[in-house]
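Subject: Model for you to look at

Hi,

Here is the structure I promised to pass on. My notes follow below it.

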Amino acid sequence: MTHRPTSGPSSRPLKDLVLVGHGMVGQRFLEALTEQPGGADWRITVLAEEPRPAYDRVHLTSWFSGTDADALSLTPPGFVTDHGIDLRLAEPAAAVDRAAQTVTTASGQVLHYDALVLATGSYPFVPPVPGHDAAGCHVYRTIEDLEAIRDDAEQAGTGVVVGGGLLGLEAAGALTALGLETHVVEFAPRLMALQVDEGGGQLLRRKIEELGVTVHTGAGTQAIVVGEDGRVRGMGLSDGRELPADLVVFSAGVRPRDQLARESGLPVGERGGIVVDERCRTTDPHVYAIGECALAADGRVYGLVAPGYAMAETAARSLAGEHRDQDAFTGADTSTKLKLLGVDVASFGDAHGATEGALDVLYSDSRNGVYKKLVIGREGQLLGGVLVGDTESYGLLRPLAMGGEPLRTAPEQLVLPAGLGPAGPVTLPDEAVVCSCHNVSKEQIRAAVHDAGCGTVPEVKKCTKAGTGCGSCVKLLGTIVTEELQASGVTVDKGLCEHFAHTRTELYEIVRVAGITSFTDLVDRHGTGEGCDICKPVVASILATLDNGHILDGEQAALQDTNDHFLANLQRNGSYSVVPRIPGGEITPHGLITIGEIARDFGLYTKITGGQRIDLFGAGVDQLPAIWRRLVDAGFESGHAYGKSLRTVKSCVGETWCRYGVQDSVGLAIELELRYRGLRSPHKLKSAVSGCARECAEAQGKDFGIIATSTGWNLYIGGNGGMTPRHADLLAADLDRDTLIRSIDRFLMFYIRTADRLERTSVWLDRIDGGLDHVRAVVMDDSLGLCSELDALMERHVDQYQDEWAAVLADPERLRRFVSFVNAPGTPDPAVTFVPERGQIRPARPDENGTILSPALVAGPRLEVRTA
Ligand SMILES: Cc1cc2nc3c(=O)[nH]c(=O)nc-3n(C[C@H](O)[C@H](O)[C@H](O)COP(=O)(O)OP(=O)(O)OC[C@H]3O[C@@H](n4cnc5c(N)ncnc54)[C@H](O)[C@@H]3O)c2cc1C
Ligand code: SF4
């Protein structure tokens, strides 16, 4: 049981806070409250109706493509216990007694509160048409709703979504992905009527119909036709038509869940929503309401998460006794940028031109599926806009519209595709909010650069939180940081080092296009000086990627860093580790015995790694060839643990053994590991394949991860463990095996081509212009026309692959480098010593008398191990 203190750090007795609702806003409230010093004065109980802690409802649809409830969770591990929060799942609040200051739960428990926070969200509105509750009718709000839709879809052929707004189109996308013939019925004359105008709606409709969804606008739902078995059979429309339907999803808007407040006598709005003031307090000073259940001080109920988060922070500061004027919640920006069924849509500010005297600037290219409208005010200020098909400029336009200043750039320049308009600087006012998720203005970003000394985008992100939400402002953030650094006299040098004024990407292109095959040639023609520890390994890696020559040949050998130099990993006491490749983590008993025998004969320490292979530690440089001779003879190859290249492709046992598996994850992992082994890249590459959505191989923490679905494979990219973990993003779903492999080929080659030095895929994906969408367009849709070139580069890699260690052993010249002392070959390094531990060896510490490495043994333990 959680230990619950009775007094806070201030030794004041703790007060009781009850939070009703553990959704997105409820969780943000808990985080904001526990961050404040005054938050420690509260003993917190959370009543949650759902059976699981808060999860990311915004990305709910990704559940259909394999993102499970754990991956969607918004509650960091340990958060609840670390803060002594009493989270009661599946225990909804049933009544509030404001006079007694108590909440009664559904199971009859009565909890006292000093403060009550209502964060109960919304419920989906279901039009009360006949048959609306028949079997096969669903709503789209919780994981349980999605589970029910998926189960029903197995028997269904046709699905109808009621509502052509944001959620309706998400639901339509899900039904299409489940293989249903899908219809959308929308009462308004166009799709997403709230966000887009007539022109944008037309283009959106066309694009969505091209994806196989039939759209019926200007049509209402009259009745659900129900069969004798009580299941949905069809839908009667207001225009007299009847659509066949086996499954119906109601997505016709949401209503605030305000009944607890209503029944306890708190004022609610005419159309629902708990009335709150600018501090999110209801008329009862002990009761707050935040998120979608609240009617904010500006008279609006917000159906988006960012305003809910802002309310959560306002209420938290107020309850922690930290309220400042600027914390008041007086309204929020409802701009949206989405990808619906693969179609980019954004709307911001006064998108419909409701402001008096507003005029439009339009760019419409139906051939290429792009529509952009800007609404310009009387004073020449940008008021809002609609973008369909190309939302690249959203990051810049939204803050410009929020700024309210007359534009200093001709508006047509802002809608023309890049390259067509007269390019010129677009200046944002200081007060423009660049990151709306975290409400960070340009002024705060400038202050981070000038006052807080941040010199890079990651530093500014860390300092201000800008760009850490939805990510749509990252590009703009980068531009502002560069401009500010340049303005303050800092030369933003993009060159790799003092020897090359080019970035890694530029050098890659130079080497590729000019066919350069040596560092000397490159530095002579495109650089200066002799090179250094930065540029030499980078150029070595580029040459290895493009040329596939042996990395220890000729001049190439001198470019490598220490690990590559000896094709082994240097350890803390000067010894090396040896890592043979074990593709997919699959190894025969014979292979295991061989590795065991080699380790025993050379006295090496063995450890099973997280990448599903076996590391052999404690080898001297002189011993490496003898150890590898035994390994290569037994059929093992280099595992490239030393290189910036593919490490491992982990796998679970998959359908072959596991009851839940839906595909052969081991077979695929082995195929991928053999295909990409030896591929040199800007940083190490890790991969994994899971046989089902349970994800035992942790594929979403890898540079490229694959998760089996019942019909194919989902491909994730940009995942990372380490110091800055990042969950991978879904690049494409339900791919067949050939398409999957081709997509990975292209992704890897595009990354290798465009990443900076030592840039992992996770950082690259966050940095690259257009982010995930751009990479998807390049890899899946060949938007840059590069794919045949990327394919050819990968084919060349696969054809020319050779095992680096086998090649070393075959060449006396290459073997010559494996000596501790050049002038005394065969002499072990006396500084490299070991002591026994747990039946094996470990490096001796400076105060210990260790045993010196002896020259390579052929049999028998090199170091006597005493275990008693
Ligand atoms: C499919 C989908 C896609 C979306 N996409 C976007 C998007 O792209 N952008 C965007 O900004 N927003 C989007 N939204 C909306 C966004 O999810 C909501 O704005 C956000 O979840 C609101 O948070 P909340 O905490 O107020 O409500 P919720 O997240 O709904 O949480 C409320 C919680 O309170 C619980 N509850 C209710 N009554 C009780 C009770 N009596 N006792 C205990 N618990 C109770 C509910 O079960 C629920 O768990 C989307 C929503 C959906 C469903
Ligand atoms: S991911 Fe799925 S198939 Fe693989 S071991 Fe786990 S449960 Fe089994």
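Ala, Val, Leu, Ile, Met, Phe, Trp, Tyr, Cys and Pro count as nonpolar; Asp, Glu, Lys and Arg are charged; the others, Gly among them, are polar.

Some ground rules. This is a predicted model, with pLDDT of at least 70 required for local features and 80 or more for side-chain atom pairs, while totals for chains, interfaces and linings use all residues. Residues are numbered from 1 along each chain as its sequence is written, chains are lettered from A and ligands numbered from 1 in the order in which they are written, and side-chain values use heavy atoms, without hydrogens or water.

Next, the second largest pocket. Its volume is about 380 Å³, taken as the space filled by probe spheres set on grid points joined across faces, edges and corners. A pocket here is an open set of points on a 1 Å grid over the protein atoms alone, where a 1.4 Å probe fits, with protein on both sides within 12 Å along at least five of seven lines; lining residues have an atom within 4 Å of a point. It is lined by 22 residues, and G611, R647, T648, K684 and K686 are the closest to its centre. Two or more lining residues come from each of β31 and β32 (646-651). β32 gives the most, with 3. The lining has 3 nonpolar, 11 polar and 8 charged residues.

β31 also belongs to an open, antiparallel sheet of 4 strands, ordered β28-β29-β31-β30. Strands are DSSP E runs of at least two residues, helices H or I runs of at least four, both numbered from the N terminus. Strands pair if DSSP finds at least two bridges between them. β28 (569-570) and β30 (605-608) each have a single partner strand, so one side of each lacks a neighbour in the sheet. β28 and β29 (576-578) run antiparallel, joined by 2 bridges. L570 stands opposite Y576 in β29. Helix α20 (624-633) packs on this sheet, touching β29 and β31 (614-619), and its direction makes about 5° with that of β29. Contact means heavy atoms within 4.5 Å. Axes are lines fitted to C-alpha atoms, for helices over the stretch in contact, with angles from 0 to 180 degrees between N-to-C directions.

Best wishes
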